[in-house]
Amino acid sequence: KNKESTMTRFVLTQTQFNKWDNFCLDNGDLMYKNKDSYINEYCESSKNFIVHVFDDEQSGIINFLKSLVDA
């Protein structure tokens with residue numbers, strides 16, 4: 001990523017994170033081929049998961065995470 005890239009945070013519940021995990025497993029080959037990147041983080045105090053995604057990452061990842069958060 002270029003040094004101008006910014007990241008968006010998606011705060012997920014355990015259930016939402018499980019869906020994200022399945023999305024990554026189902027699309028792993030394509031994500032690897034596209035060199036997609038993200039960071040998963042667990043927040044102990046809130047018991048939530050935070051997924052950080054570069055804003056210029058492929059739209060399928062961002063659209064999926066947005067749909068999870070908006071559901």
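Predicted model: local features only at pLDDT ≥ 70, side-chain atom pairs only at ≥ 80, totals over all residues.

Student: Okay. At what angle do the axes of α1 and α3 cross?

Tutor: At roughly 160°. Helix α1 covers residues 14-26 and helix α3 covers residues 59-70, and their axes come within 10 Å.

Student: So what do we call that arrangement of α1 and α3?

Tutor: Roughly antiparallel. The crossing angle is roughly 160°, and the cut-off is over 145, so α1 and α3 fall in that class.

Student: Is the crossing left-handed or right-handed?

Tutor: Right-handed, as α1 passes α3.

Student: Which residues make the contact?

Tutor: From α1, they are Q16, K19, W20 and F23. From α3, they are G60, I61, F64, L65, L68 and V69.

Student: How do the residues of that contact divide into nonpolar, polar and charged?

Tutor: Seven are nonpolar, two are polar and one is charged.

Student: Let's zoom out. How many helices and strands does the chain have?

Tutor: Three helices and three strands. Along the sequence, the pattern reads β-α-α-β-β-α.

Student: What radius of gyration does the chain have, and what would a compact globule have?

Tutor: The chain has 12 Å. A compact globule with 71 residues would be near 11 Å, so the two agree. The C-alpha atoms fill a box of roughly 30 × 30 × 20 Å along the principal axes.

Student: What share of the residues is buried?

Tutor: Buried residues make up 30% of the 71.

Student: New topic: loops. Where is D36?

Tutor: D36 sits in the loop between α2 (28-33) and β2 (38-43).

Student: Does D36 count as buried or exposed?

Tutor: Buried. D36 has 13% relative accessibility, and buried means under 20%.

Student: Which residues does D36 touch, leaving out those up to four places away in sequence?

Tutor: L30, M31, E57, Q58 and I61. One of these, I61, is also on the α3 side of the helix contact.

Student: Where is L30, then?

Tutor: In helix α2. L30 is partly exposed, at 44% relative accessibility.

Student: What about K35? Is it buried or exposed?

Tutor: Exposed, because K35 has 68% relative accessibility. K35 lies in the loop between α2 and β2. Its phi is positive, about 60°, although K35 is not a glycine.

Student: Last one. Where is N27?

Tutor: In the loop between α1 and α2. N27 counts as partly exposed, at 26% relative accessibility.

Student: How far is the C-alpha atom of N27 from that of T15?

Tutor: They are separated by 19 Å. N27 and T15 are 12 residues apart along the chain.

Notes
Residues numbered from 1 in each chain as written. Heavy atoms only, no water. Helix = DSSP H or I, 4+ residues; strand = E, 2+ residues; numbered from the N terminus. Buried < 20%, exposed > 50% of the residue type's maximum accessible area, 1.4 Å probe, protein only. Contact = heavy atoms within 4.5 Å. Axes fitted to C-alpha atoms, helices over the stretch in contact; angles between N-to-C directions. Parallel < 35°, antiparallel > 145°, perpendicular 65-115°, else oblique. Left-handed = near helix turned anticlockwise from the far one by under 90°. Nonpolar A, V, L, I, M, F, W, Y, C, P; charged D, E, K, R; others polar. Rg over C-alpha atoms; globule rule 2.2 N^0.38 Å.
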